[in-house]
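Subject: Structure for your review

Dear colleague,

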Amino acid sequence: MIQQYKTDFESFLRKAADEQQQQILVSWTEKVGAIDPLRFFANGSSLEGNRHFWYSQKDDLCLVGAGPAILDMRTAEEWEHVIESAVVHNLSSKAGTGPVAFSGMNFQQERERELWQDFPATQYRIPAFTLTKTEKEYYVTINQLVDGSNIESQITNTLGQLEQLFAEKSLPTLKTELVSKEELESQAWKRLVKEATDTIKSTELDKVVLARAMKLEFEEKLQAAGVLRNLLDTQKDSFIFAVENGSACFLGATPERLVSVESGILHTSCVAGTAPRGNNETDDQMIGDALLQDSKNREEHQYVVKMITDVIGKYSKDLLLPDGPQLLKLRQLQHLHTPVSATLLPGASLQQIVQELHPTPALGGLPKQEALDFIENKEPLERGWYGAPVGWMDSYRNGDTAVAIRSGLLDGKQAVLFAGCGVVKDSDPDMEFEETAIKFRPMLEALEVSE
């Protein structure tokens with residue numbers, strides 16, 4: 001597969017190197033034959049570097065980043081600067097092809113970072129290699145920093161690494177037994193919910209989202225590719241993501257898109273309000289109808305819709321949304337869901353909107369600052385990247401971000417799972433605890449752990 005464009009790539013890289021007086025990004029994209037994105041991801045473990053995975057079924061798009069990071073940036077402005085001077089070969093121009101930066105960030109600033117020590121506060125990473133699967137077509141992008149020196153060894157090393165990513169290898173499986181499962185500080189968390197409802201009744205705080213964690217220990221090291229395979233098999237209506245930093249891999253299957261942009265059209269989802277699925281079609285419909293009529297969940301959902309549409313309105317025109325929420329039905333859960341679309345205004349960018357939207361009332365609360373202060377002062381959990389935006393953006397100003405929920409952090413033999421729920425004045429601690437227990441299920445199933 002490599003040989004079909006090896007000569008052209010070498011010529012392109014040499015020409016770019018000869019013309020440069022300073023280091024720049026050189027990016028080469030070529031259409032290739034079908035390759036399993038999950039195998040590409042799994043093969044990436046043999047290279048020195050960190051991996052990324054993104055899958056959106058509704059967009060028929062999968063992106064996989066592998067190989068050493070060409071650039072690790074801390075701001076979107078750095079990415080824009082790099083792209084301005086980049087030399088790019090990409091005959092496709094489809095969203096997600098060419099140079100792509102994978103992004104992630106903290107939920108908010110944290111005093112301690114023990115669990116998340118390998119994950120910076122913000123990250124925009126361009127990997128050496130990106131596989132893009134879109135509309136049943138496959139593209140591989142090679143990214144290199146070029147300054148004219150050591151070009152021969154650079155070409156040899158790059159093509160050798162790409163051969164490893166295309167290698168026909170069997171996918172890893174989990175094949176590990178659970179040693180222990182611990183729900184961290186569960187009784188203390190229920191007391192915190194009660195404290196939150198009391199605070200809401202006596203202050204200007206209207207809603208706060210509280211999260212908790214579950215810690216799992218296994219006999220052997222967990223394979224991220226095996227967990228991703230299970231998520232792909234079981235959570236087909238979600239955004240599947242993975243970000244690997246050092247020995248740790250943060251991954252999950254989230255139903256909640258924060259915001260996406262393609263060819264100037266913006267899409268976002270307002271997701272808040274949760275109920276389980278029924279055991280049969282009749283029960284499922286009854287539960288869904290009850291969710292649509294439930295005042296607590298409708299109130300929580302409307303907070304999210306208003307905040308998101310207020311922000312979107314600053315950066316777009318022709319806002320479209322339904323009159324009321326719909327049901328988003330997933331494998332274990334169903335949610336109140338309001339899709340929103342609009343036309344992006346000239347000069348507006350995906351990252352501007354992401355920065356202002358995060359965290360939405362579905363992940364932080366309302367008013368935003370009062371909710372964040374309560375979380376910072378009262379919640380013992382180290383959230384890290386949980387509940388924050390993860391996603392990607394390309395050089396054509398397309399991109400997508402989702403809210404990193406239904407997720408877990410794998411590190412060696414350990415997995416820490418996260419789940420949260422919105423607390424309002426009438427919230428019941430036991431019911432909120434049960435809601436978070438339901439939200440652990442997608443990751444537990446992916447880890448092949450029975451409840």
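The notes below go from the whole chain to single elements and residues.

This is a predicted model, in which local features need pLDDT of at least 70 and side-chain atom pairs count only at pLDDT 80 or more, while totals for chains, interfaces and linings use all residues. Residues are numbered from 1 along each chain as its sequence is written, and side-chain values use heavy atoms, with hydrogens and water left out.

The chain as a whole

The chain holds 11 helices and 21 strands. Both kinds of element are DSSP runs numbered from the N terminus: helices are H or I with at least four residues, and strands are E with at least two. For 451 residues, a compact globule would have a radius of gyration near 22 Å, and the chain agrees with this at 22 Å. That radius is taken over C-alpha atoms, and the globule rule is 2.2 Å times the number of residues to the power 0.38. Along the principal axes, the C-alpha atoms fill a box of roughly 70 × 55 × 45 Å.

Of the 451 residues, 58% are buried. Here buried means under 20% relative accessible area, exposed means over 50%, and partly exposed lies in between (1.4 Å probe, protein chains only). The accessible surface of the chain is about 18800 Å², and carbon and sulfur atoms account for 46% of that surface. These areas come from the Shrake-Rupley method with a 1.4 Å probe; for residues, only the protein chains shown count as cover. Among contacts (heavy atoms within 4.5 Å) between residues at least 6 apart in sequence, 77% join residues at least 24 apart.

Helix H3

Helix H3 spans residues 76-85, and its buried residues are Ala 76, Trp 79, Val 82 and Ile 83. These residues lie on the same side of H3, because they cover an arc of only 120° around the axis. The arc is that of the directions from the helix axis to the C-beta atoms. An α-helix has 3.6 residues a turn, so residues three or four places apart point the same way. The face turned away from the buried side carries the exposed residues Glu 77, His 81 and Glu 84. The buried residues of H3 pack against several elements, among them strand E1 (24-32), strand E3 (61-73), strand E6 (122-134) and helix H9 (350-357).

Thr 132 in strand E6

Strand E6 also contains Thr 132, which is buried with a relative accessible area of 0%. The side chain of Thr 132 reaches the backbone oxygen of Gly 96 at 2.7 Å. The residues that Thr 132 touches include Leu 61, Cys 62, Leu 63, Gly 96 and Tyr 139, not counting residues up to four places away in sequence.

Strand E2 and its partners

In strand E2 (residues 52-56), 4 of the 5 residues are buried. E2 pairs with E3 in the antiparallel sense over 5 bridges, and Phe 53 has Val 64 as its bridge partner in E3. E2 also pairs with strand E10 (residues 239-245) in the antiparallel sense over 5 bridges, where Ser 56 has Phe 239 as its bridge partner. Two strands are taken to pair if DSSP finds at least two bridges between them.

The hairpin of E2 and E3 has 4 residues between the strands, and Asp 60 takes a positive phi near 50° there. Asp 60 is partly exposed, with a relative accessible area of 28%.

Backbone points to check

Glu 448 also has a positive phi, of about 60°, although it is not a glycine. Glu 448 lies in the segment after helix H11 (429-446) and is exposed, with a relative accessible area of 54%.

A cis peptide bond joins His 358 and Pro 359, with omega about -15°. Pro 359 belongs to the loop between H9 and strand E17 (365-366). Another cis peptide bond joins Leu 366 and Pro 367, with omega about -15°. Pro 367 sits in the loop between E17 and helix H10 (368-378).

Pro 367 is also touched by Glu 204, as is Glu 370, not counting residues up to four places away in sequence. The C-alpha atoms of Glu 204 and Pro 367 are 7.7 Å apart, although 163 residues separate them along the chain. Glu 204 is in the loop between helix H5 (186-202) and strand E9 (207-218) and is exposed, with a relative accessible area of 62%.

With kind regards

Definitions and conventions:
A polar contact is a pair of N or O atoms within 3.5 Å; within protein, one must be able to donate a hydrogen and the other to accept it, and residues adjacent in sequence count only if both atoms are side-chain atoms.
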